[in-house]
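Please keep the sequence and the structure in view while reading.

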Amino acid sequence: MVYLDYNASTPVDQRILVAVTESQCAYGNPASAHHAIGKAAAERVEEARSRVADLVGRPAQDIVFTSGATEAAVLGLLGTMIGAAGRPNIVVSPTEHKAVLEAAELGARLAGGEARVVRVDRDGVVDLDDLARLVDNSVAAVAVMAANNETGVVASAAEIAEISHRAGSLFFVDATQLIGKGPADAAAALADLMVFSSHKIYGPKGAGALVASRRVQKSIVPIASGGGQERGLRGGTQNTPSIVGFGLAAELAMKEQASDAARIGDLADALLTGLQRQLPDVYVNGGEADRLPNTLNLRFVGADAEAVMASMPEICVSAGSACNSAVPSPSHVLLAMGMSGTEASESLRISLGRPTTRDEVDVAVACISAAVSRVRELTRE
Ligand code: PLP
């Protein structure tokens, strides 16, 4: 089996498994500050908070732990919209993850406004003139992701932040796919609200973060305030083992993301060159834009992606985003980039990760080429 779906989820790095398991056994509630076992759990959570904060170059107090990026987006966007008096509108890119699109739409509806959708070009890059036209003093937040989960296309955060801040709007950045694949401090310095997730950076599932300054945190209405954990923004007992793993995964990412990106980028280049040597009519979606080094969204003209995947069960890739895979419709990201339904349904997302090897790349080139050729032949018959 060759796993090439690291944008959907990553395996927990073996080097942090022992600490995660140990903290599974340290069962104290971090909110039980009146005894040693609770205090030990609280210390582990705070150590992890510092590690996650270091990865994005922000103070520890700016990190609010959640269960993942989806929950962080709901807290950040819904919480902002509910609290944003006089600013009922939000601006979003149509290529955002559904976690963000749906939170933005619900937030705007609850605030009595609308979600304004900015135009993107054929590579999925936001049209800055259209953005400037849409952002005014009725807009509470502008949501443009740091890097797209399907195409790997990276946004120009500086210009988007400038347009947002000029109108007094908050800049919301979904950094789930950028984190761990390249430096995120620049985007984190510009963002008023940023979200990401542990299970995309070789940490355990069940932990994520909303990054916001003290000032911005004060403007967020908590969705689940419960027992007042996470500075009153996210009630509920913290998931200590996952948070501990998230912190250690962040520490590893700090040390290794530059060398990982270089090695993984070379492997992705080899994969693309190999496929284009074996097959005619292979195109890179988002190919003209800056992209994450690990992500290839490839269109194989004349080969339906679902049929290709069914024909190579030993290769784990995806068509569109994993979170939408229960719904067999073409990717909303590729459609927003102006592709037709047929073009989008001929596209596969291949994402490489830390454990990917050259041998796996060679196997993938052989299997994908054979599967695409088979499907093309059957389609022509
Ligand atoms: N945002 C992006 C860009 C993603 O890729 C994902 C997961 O696929 C999410 C948000 C949701 O993350 P989580 O699974 O942590 O809720």
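Contact here means heavy atoms within 4.5 Å, and buried means under 20% relative accessible area. The model is predicted. With those cut-offs, the buried residues of α13 pack against β1 (2–3), α9 (240–278), β10, α10 (305–310), β11 (315–316) and β12.

**Ligand site**
- The ligand is surrounded by 13 residues, and the closest are Thr 70, Asp 174, Gln 177, Ser 197 and Lys 200.
- By class, the shell around the ligand holds three nonpolar, eight polar and two charged residues.
- The side chain of His 199 has an N or O atom 2.9 Å from an oxygen atom of the ligand.
- For His 97, an N or O atom of the side chain is 3.4 Å from an oxygen atom of the ligand.
- Thr 176 places a polar side-chain atom 3.4 Å from a nitrogen atom of the ligand.
- The ligand taken alone exposes 390 Å², of which the protein buries 89%.

**Helix α3**
- Helix α3 runs over residues 69–83, has 15 residues and reaches 20 Å from its first C-alpha to its last, close to the 21 Å expected at 1.5 Å a residue.
- Buried residues in α3 include Ala 69, Ala 72, Ala 73, Leu 75 and Gly 76, as well as Leu 77, Leu 78, Gly 79, Thr 80 and Met 81.

**Helix α13**
- α13 has 23 residues and reaches 33 Å from its first C-alpha to its last, close to the 33 Å expected at 1.5 Å a residue.
- Among the buried residues of α13 are Val 361, Ala 364, Val 365, Ile 368, Val 372 and Val 375.
- An α-helix has 3.6 residues a turn, so residues three or four places apart point the same way.

- Leu 352 lies in the loop between β12 (347–351) and α13 (358–380).
- With a relative accessible area of 1%, Leu 352 counts as buried because that is under 20%.
- Leu 352 touches residues including Leu 4, Tyr 6, Ile 264, Leu 267, Asn 294 and Val 361, and Val 361 is a buried residue of α13.
- The C-alpha atoms of Leu 352 and Thr 295 are 6.6 Å apart in space, although the two are 57 residues apart in sequence.
- Asn 294 sits in the loop between β9 (282–284) and β10 (295–300).
- Asn 294 is also buried, with a relative accessible area of 4%.
- The contacts of Asn 294 include Asn 7, Lys 181, Ile 264, Ile 350, Ser 351 and Leu 352.
- Ile 264 is touched by Leu 352 and by Asn 294.

How values were computed: Residues are numbered from 1 along each chain as its sequence is written. This is a predicted model: local features need pLDDT of at least 70, side-chain atom pairs count only at pLDDT 80 or more; totals for chains, interfaces and linings use all residues. Side-chain values use heavy atoms; hydrogens and water are left out. A residue is near a molecule or strand if one of its heavy atoms lies within 4 Å of it. A polar contact is a pair of N or O atoms within 3.5 Å; within protein, one must be able to donate a hydrogen and the other to accept it, and residues adjacent in sequence count only if both atoms are side-chain atoms. Accessible areas come from the Shrake-Rupley method with a 1.4 Å probe; for residues, only the protein chains shown count as cover. Ala, Val, Leu, Ile, Met, Phe, Trp, Tyr, Cys and Pro count as nonpolar, Asp, Glu, Lys and Arg as charged, and the others, Gly among them, as polar. Helices (H or I, at least four residues) and strands (E, at least two) are DSSP runs, numbered from the N terminus. Buried means under 20% relative accessible area, exposed over 50%, partly exposed in between (1.4 Å probe, protein chains only). The expected span of a helix is 1.5 Å times one less than its number of residues.
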